[in-house]
Amino acid sequence: MKNEITLQTRREFLRRTVLGSALTWTVPAFLADTFSALQAQAAASATQTVTGKDATILVVLQMAGGNDGLNTVVPYANDFYHRARPKLGLKAGDILKVSDDVGLHGALKGFKELYDNGQLSVIQGVGYPNPNRSHFRSTEIWQTASDSERIEKYGWLGRYFDNACAGAEPTVGVTIGSQLPEAFFAAKPRGICFNNPQNYRFMANGSATEESYKKLNELEMSGPGLTPDDGSGGMLNSGGSIAQLLAGMPMTGGRAIDFIARTALDAQHSSEEIRGVAARVQNQAEYPASPLAGSLKLVAKLIGGGLPTRVYYISQGGYDTHTNQIPTQQRLLQDLGDSVKAFVTDLTAQGNLSRVLVMTFSEFGRRVAENANGGTDHGAAAPMFMISQRVNAGLLGHYPSLAPQDLFQGDVKYNVDFRSVYAGVLENWLKTKSLPILGQQFPPLAVV
Amino acid sequence: MIETLRASRRLVNSMLQELSSDRWNQATAAHLLNRAGFGGPPAAVKQLAGLGLAGAVDFLVDYEKIPDPTPNPDWAKPEPERMLHLQAVNRTGTPEEKRKLQQETQQLQRQRILELRGWWLARMARGPRPLQEKMALFWHGHFATSFEKVRDAYFMWRQNDIFRRLATGNWPLLLLEVGKDPAMLVWLDQAQSRREHPNENFAREVMELFTLGEGHYTEHDITEAARALTGWSLERQQQRYVYRPLLHDGGEKTIFGHSGHFDGDAFIELIVAQPPAAKFITAKIWNYFAGDMLAPELNEALAAHFRTNGNHFKPFLRALFRSEEFYSPEIVRNQVKSPVQWLVGTARMLECDLPPTLVSWGLTRQLGQDLFAPPNVKGWDGGVTWITTNTLLTRYNDAQSLVDGTVPPLTANDFGGKGAGNGQKAMKALQRLRIGGVSVEKILTPEEREHNPAILASLQNRLFQTDLKKNQQETMQAFLDAKTKMSDADIRTAIRLMMSTPEYQVT
């Protein structure tokens, strides 16, 4: 099923560039047969696959800097909380109650509405064993889903692409930003990133330059990469190999140039696709004016345009509130709640909300006790938010104890391993086995 | 069984033969210069070819004979007074004073690390000892240490200086120097290791990532090695390594089955004596300079050569660069240029200046190789992982900026992400800048400019040292022929187009 969805545009490309002309004399016969079969399949399922209407989508929203979980999902009735935070502690009047003990920060009105609609769940006390308090390292741990002591080379989403998205379009993973997050690092690099669709293109000073660029980057199907008796021949005979070959996967023993040539075509193709969608699709909700809202607007357009993307990655920075936390966090959470709420409204109008799950994370929460500068220092466990029409709404798990004897070096202890959340997302939402991706079996949390 | 062993031995012995002299020409010389260095203009290739294989390899490997007068950054020294002041404020200062000092320190360090990036890139692009810099870059990727945790530009410079000083030196000596250097002591937490609580981070990574590879040591070896390493510590005020006997666990340890009262130095000796050690490091160096390991026997031969020569890199590299295997068709023009190679190589081949540091840094970072900030202790993956749809488009677009001398489409995020404010300031400053760019008169003679085929042939030789595909040549020819009057800008666009090909991304 996933191949049907993800292969579509590639088939279209094949039809145009290979089957159109050169095929008859440059491609060996057994390959030509396979191409024809693909073409027939593509024609049969064209409408369904163009829009990919049945594929679920994950939107990962990173709250970079270490958001203060205690002042986000607030234990307003807890004495230990108020004792640890004489200045920063939020009172009943400052919060939006969701239970007798817990309320959302008052700025999260957007989230409260979603919560009341049964579209938001709060997973309480998420973390991992032996928490690391370095931004750099803890972010890496979240991005690679590794144990605290172990360094992983690849990201958890990269491993998802490697394991479950063979043959996928490069747009299977899309990051709005200028750097691919470590979560996307993969053995076979996939996924694209850009800030502004207008920059994700070959910038030419004139049509002659543009034309020449396209010709210089034409794939020569008669090149060594497709001769069955060289290093790539074995791959062509194995299952699913056409898809892999065309997905621009590196071939062991193959020439680097062949990989790059295929990536160049992918780039040209996805660039046109993305700019086309961004220009064609209109947002159907009022968003705030913030970088985060800008990213979400773009994601909504790309979803509405039917990109075969399974994972979008966006981030909002500024949560490292060592000093003067109150106004900073107020502003950031307001932006977060309002932007995500607008995004949900937009997707609802599109009719795509049921396909989309938004997951937030931050590299760590902050110390229970406030510091002397009106801020908080790096901590450990914190809540995560899940937003979707089909989410298992409400408060999940239980609030970590704030009693001094239950803290570890001044931080709350986790009671949900973040990798259980990932396992739940992978198994229940993206519908794939989590073990090969996470490397260990974590009990999947029922997120939906 | 014995027969196969003998056959395998024969195969090992037949490896690393010297390239026959009739294969030494401009093309093989260009390959050597591209890989052992960062490439160069046609004149440099010609000069190297004229030296003969042995002469050319010696010229690159015996770089000490060429003076390199590059001065160190003026801040590249310990600052005990500043450290003392930092300590005092941290002990007795008000929160406001602490915060202010912290901010100033951070700003100072950011400024210095940026300067260091420019300083190193300039050495690679213009320095007289390309192999030394290329090896320093190898060691930086191997002992991948990041400023993001170390947070002290002086420490990063010191480590870089070791990589350069011992670039082609002795393996155990390099391991000891790097291990006992402040940057590594901080990066892998050795500075925090105590007899009562040995920190295993360095002990683990030194075996897994630096010397042996997974599967060649046990968890028990790690625990015991961590005990041996206790005592390696950091003198923060003097900003240097110190051995602290009080922190050292002097008891007996068992590592790789050997028992003794080992300390850190003894542990490093034990590692290097392990049979997989030579295979591990020689395979990694082969991969860096050449590419795929062509046969297991080649790795055997490389490791044997390395051991026979006392674990010294210089004779090993000499043999590698003279070997037939290094010039085989599977190796030549089959390596993806790293972002640094792409940038520095372009400057060398087109005889133009690097863009200002801020831009050069933004470019390499955007392309996935942020010097002094590798993604993690495993370093950069390299190879085809440098190439994604967006890094490829970025390379194609940055090519235009490099040849034109304009500022590429960078975003605030390309200057460090977190401090978006700083990024925006940097961007504003940049908009007023014009950067190097290619001077056409330097790379084309007036005669060449008269004939489009001559222009094409000359640029092709300069950028690829080989021919483009036939349809690509036709495309370029048509592009040039369509110009009624060829301006410098047209030539620069032609260069940019030739750089906007899959072919330009490999070397």
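Predicted model: local features only at pLDDT ≥ 70, side-chain atom pairs only at ≥ 80, totals over all residues.
Start with A:Gln409. It has 9 C-beta neighbours inside 10 Å, so A:Gln409 counts as exposed. Where does A:Gln409 sit? Its place is in the loop between strand E11 (394-396) and strand E12 (416-417) of chain A. Phi of A:Gln409 is near 50°, a positive value in a residue that is not glycine.

Is B:Arg151 buried, exposed or partly exposed? There are 16 other C-beta atoms within 10 Å, so B:Arg151 is partly exposed.

Stay with chain A for a sheet. Strands of a sheet pair through backbone hydrogen bonds, either parallel or antiparallel. In chain A, three strands form an open sheet in the order E2-E4-E3, and the pairing is antiparallel. Strand E2 (73-74) and strand E3 (95-97) of chain A stand at the edges. Each has a single partner strand, so one side of each has no neighbour in the sheet. Look at one pair. E2(A) and strand E4 (residues 103-105) of chain A pair in the antiparallel sense over two bridges. Within that pair, A:Val74 stands opposite A:Gly103 in E4(A).

Now turn to the domains of chain B. The domain assignment gives domain 1 (2-61 + 275-327), domain 2 (80-273) and domain 3 (440-505). The C-alpha centres of domain 1 and domain 2 of chain B lie 30 Å apart. Their contact takes 17 residues from domain 1 of chain B and 17 residues from domain 2 of chain B. Which helices supply the domain 1 side? Helix H4 (52-61), helix H15 (275-289) and helix H17 (313-322) of chain B each supply at least two residues. H15(B) gives the largest share of that side, seven residues. By class, the side of domain 1 of chain B that touches domain 2 of chain B has twelve nonpolar, three polar and two charged residues.

Zoom in on H17 of chain B, where B:Lys314 has its place. Beyond residues up to four places away in sequence, B:Lys314 touches B:Val61 and B:Thr168. B:Lys314 has 17 C-beta neighbours inside 10 Å, so it counts as partly exposed. From B:Lys314 to B:Thr388 is 74 residues in sequence and 35 Å in space, C-alpha to C-alpha.

Next comes helix H5 (residues 80-92) of chain B. H5(B) has 13 residues and reaches 18 Å from its first C-alpha to its last, close to the 18 Å expected at 1.5 Å a residue. How many of its 13 residues are buried? The number is zero, so H5(B) lies largely in the open.

Finally, see how the two chains meet. In this contact, 44 residues of chain B touch 48 residues of chain A. On the chain B side, the elements that give two or more residues are helix H6 (95-126), H8, helix H20 (389-404), helix H25 (470-481) and helix H26 (488-499) of chain B. H20(B) gives the most, with seven residues. By class, the side of chain B that touches chain A has 15 nonpolar, 20 polar and nine charged residues.

Technical notes
Residues numbered from 1 in each chain as written. Chains lettered and ligands numbered in written order. Domains from an automatic or database assignment. Contact = placed C-beta atoms within 7 Å. Helix = DSSP H or I, 4+ residues; strand = E, 2+ residues; numbered from the N terminus. Nonpolar A, V, L, I, M, F, W, Y, C, P; charged D, E, K, R; others polar. Expected span 1.5 Å × (residues − 1). Buried ≥ 20, exposed ≤ 12 C-beta atoms within 10 Å, placed from the backbone. Pairing = 2+ DSSP bridges.
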